[in-house]
Amino acid sequence: MFPKNAWYVACTPDEIDAKPLGRMICGENVVIYRAQEGRVTALDNWCPHRGAPLSLGRVDEGKLVCGYHGLAMGCDGKTISMPGQRVRGFPANRVYPVVERYGFIWLWPGDADKADPATIPHLHWADDPEWAFGGGMYNVQCDYRLMIDNLMDLTHETYVHASSIGQPEIDETPCTTRVEGDEAITSRFMNNISAPPFWKLALRGNGLPDDQPVDRWQICRFTPPAQVMVEVGVALAGNGGYEAPKAVKSYAIVVDFITPETETSIWYFWGMARNFRPEDKALTAQIREGQRKIFGEDLEMLESQQRNILRCPGRDMLKLNIDTGGVQARKVLDRMVAAEHAAAPAAAATASA
Ligand code: FES
Ligand SMILES: [Fe+2]
């Protein structure tokens, strides 16, 4: 249950540096590689000869060469040559729209003629030297909507991340959710509290004292199909919190792109963009390591939750106030999927047969 007419983060550029990458995205088996002049290309990961994954091949002068018997394919999906064979009449492979932007490779797994690169969400921090980004990726065995729920309801931090970003005040402070078009925004503001360990590190990293009361905020913004940006930060207490001047706060954006692999697994691209000490690579590495550990804790919970859900199909889950952000996100996704099926009823009927 995911929209296919949408842009998803497929991989990071380093993943296709050395060789073609095979990756399942929204149920589509895709090979991604760099063709002529470094141009990113994505094709059906299937060799028309005997069905070998083309991702096991190599790139030779811009052509994708199958690793089994040497069939060479162009970035238009057409077979160019095969040793000792006439290739005219070989069926062409499907070509997927791809765009390299903001340090990620974005792929459109749906109808190619509907793909408009202008609809890739703008990431203002990505090309701004005032900001630094560090991140990584996890393959997680869960429905992508469970990850969206997780990121839109940060009360879990108190329990899942007790030693890093969790603190009882998260639980004790109510959150509010609002909807703006297709976006859902859940916010929580906690004033005059002590900073948890991760934020002490970020305060020190920004040259601020870590032993004073702070105002802390979390603003989670879901953008369909599967992006959650969480504005997070702490400011020395009494300076305006979120609105406090830069000199007294450590502020960042938790970046989450959640790409379905299958109905019950995801490629989870996580990271943090920050606008303090952007030149400090050691700090970037330290934050990335902290985040890697934190998201590792989510991973264990989400995979266990997914296994439990699969064991009890049809069993209901409750929707509490803290779940409003995730519930709103699901409404948007339901609408998008319904619109896709309405636009292509024949295709949808075939797919579900
Ligand atoms: S399977 Fe690819 S060339 Fe034979
Ligand atoms: Fe978490």
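1. Basis. The model is predicted: local features need pLDDT of at least 70, side-chain atom pairs count only at pLDDT 80 or more, and totals for chains, interfaces and linings use all residues. Residues are numbered from 1 along each chain as its sequence is written, while chains are lettered from A and ligands numbered from 1 in the order in which they are written.

2. Helix H1. This helix covers residues 144-152. Helices (H or I, at least four residues) and strands (E, at least two) are DSSP runs, numbered from the N terminus. Eight of the nine residues of H1 are buried, so the rest of the structure largely encloses this helix. Buried means that 20 or more other C-beta atoms lie within 10 Å of the residue's own; 12 or fewer is exposed, in between is partly exposed, and C-beta atoms are placed from the backbone. The buried set is Tyr144, Leu146, Met147, Ile148, Asp149, Asn150, Leu151 and Met152.

3. H1 against H6. Two packed helices are described by the angle between their axes and the distance between the axes. The axes of H1 and H6 (residues 324-343) come within 8 Å and cross at roughly 140 degrees. That makes H1 oblique to H6. Axes here are lines fitted to C-alpha atoms, for helices over the stretch in contact, with angles from 0 to 180 degrees between N-to-C directions. Under 35 degrees counts as roughly parallel, over 145 as roughly antiparallel, 65 to 115 as roughly perpendicular, and the rest as oblique. The crossing is right-handed; that is, the near helix is turned clockwise from the far one by less than a right angle, with anticlockwise giving left-handed.

4. The H1-H6 contact. From H1 come Arg145, Ile148, Asp149 and Met152; from H6 come Gly325, Gly326, Ala329, Arg330 and Leu333. Contact requires C-beta atoms, placed from the backbone, within 7 Å. By class there are four nonpolar, two polar and three charged residues. Ala, Val, Leu, Ile, Met, Phe, Trp, Tyr, Cys and Pro count as nonpolar, Asp, Glu, Lys and Arg as charged, and the others, Gly among them, as polar.

5. H1 against H5. These two helices pack at about 130 degrees, with axes 10 Å apart. H1 is therefore oblique to H5. Leu146, Met147 and Asn150 of H1 meet Asp298, Leu302, Gln305 and Gln306 of H5. The tally is three nonpolar, three polar and one charged.

6. Helix H5. Its 31 residues (281-311) should span 45 Å at 1.5 Å a residue, and the end C-alpha atoms are 45 Å apart, which agrees. The expected span is 1.5 Å times one less than the number of residues. Buried residues of H5 include Leu283, Ile287, Phe295 and Asp298. Their cover includes strand S12 (132-140), H1 and strand S18 (265-274).

7. Ala273. This residue lies in strand S18.

8. Backbone points to check. Most residues other than glycine have a negative phi, and most peptide bonds are trans. Pro224 and Pro225 are joined by a cis peptide bond, omega about 5 degrees. Cys26 has a positive phi, near 50 degrees, and is buried, with 23 other C-beta atoms within 10 Å. Asn192 has a positive phi near 55 degrees; Asn192 is exposed, with 12 such atoms within 10 Å.

How values were computed. Two residues are in contact if their C-beta atoms, placed from the backbone, lie within 7 Å.
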